[in-house]
Amino acid sequence: MVSAAHGFMRFFRGSSAGEGQALKTKQTDQRLTRRSSGLGELVRVLKPEEPLYVLDIGSTSAANIRYLTELGHKIYSEDLLDASTDPALVTKDEQGQPTLDDKKFLAENLVHPAARFDAVLCWNLADYMDESLVKPVVGRLWSMLKPGGVLLAFFHTREAGPDAPCYRYHIVGSDTLEMQHIEPRREVRRGPTGALHTAVADGFRLQRVFNNRHIETLFRDFASIKFFLTRDNIREVLVVR
């Protein structure tokens, strides 16, 4: 299991709209396109000559499934961020504070044999997932990757701001992504008069900022780590098991 990464920076509990919002868009189906050096390097590993096992743990994307299967690879998809919102996971720690049951979460998710996957698409999961689940999930991913397997992850910088939107990432080229804002969930119910009422829940919020040292600690059990600088307040990280 990956050792604890101490000192997670918690900047994002309020709202300060307008600060560092280069990537913020309205909550529509509008998609942004970005180049990804990390994806480009990972795709070079995913050579079509050899069928590989790939795990995508971001929001489900038909484009990703299509792109990877057309290369001849076997892709598995699990939306871990959505799964982490299950109310049944809520419990209390030793101090009586609410937390999520990581053992229950891992018993119900990421249930695959050890050393099954050649690559994992982690995307921005660590930034938006509850902190209590991040290290256990990374530890499970380490065990599920083959030796020499690769994992791609994105981390926001502090300049991204507290309202940085959570995106679904679609692979549209060997080094190109489309980013689609994940809409807040909507619960529709019928009131006493028969009218439909729609309650809009909060969207996924940026939970923390990892600096380079935190990221290196989070992936300390991996063999190597490589950072890619970008201009949109994102650190791309490619780690090798």
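Begin by selecting strands S2 (53-56) and S6 (residues 117-123): three bridges join S2 to S6, and the two run parallel. Helices (H or I, at least four residues) and strands (E, at least two) are DSSP runs numbered from the N terminus, and two strands pair if DSSP finds at least two bridges between them. Within this pair, Asp56 has Leu121 of S6 as its bridge partner.

The model is predicted, with local features requiring pLDDT of at least 70 and side-chain atom pairs counted only at pLDDT 80 or more, while totals for chains, interfaces and linings use all residues. Residues are numbered from 1 along each chain as its sequence is written, and side-chain values use heavy atoms, with hydrogens and water left out.

Next, select S3. S2 and S3 pair in the parallel sense over four bridges, and Asp56 stands opposite Ser77 in S3. From S2 the chain passes through H2 to S3, a β-α-β crossover that is right-handed, meaning that with the strands pointing away from the viewer, the path from the first strand over the helix to the second runs clockwise.

Now display the whole sheet. It is open, has six strands in the order S3-S2-S6-S7-S13-S12, and shows mixed pairing. Strands S3 (74-77) and S12 (224-229) stand at the edges with a single partner strand each, so one side of each lacks a neighbour in the sheet. On average, neighbouring strands of this sheet are turned by 15° against each other, direction ignored.

Move on to S7 (residues 145-156), which runs parallel to S6 and is joined to S6 by five bridges. Here Leu121 stands opposite Leu152 in S7. Helix H6 (residues 131-144) packs on the sheet and touches S2, S6 and S7, its direction making about 150° with that of S7. Contact means heavy atoms within 4.5 Å; axes are lines fitted to C-alpha atoms, for helices over the stretch in contact, and angles run from 0 to 180 degrees between N-to-C directions.

Finally, select helix H2 (residues 62-70), which lies across S2, S3 and S6 and runs at about 160° to S3. Its buried residues (under 20% relative accessible area; exposed is over 50%, partly exposed in between, with a 1.4 Å probe and protein chains only) are Ala63, Asn64, Tyr67 and Leu68. Viewed down the axis of H2, these buried residues fall within an arc of 115°, so they line one face of the helix; the arc is that of the directions from the helix axis to the C-beta atoms. Ala62 and Glu70, on the other side of H2, are exposed. Just after H2, Gly72 takes a positive phi of about 95°.
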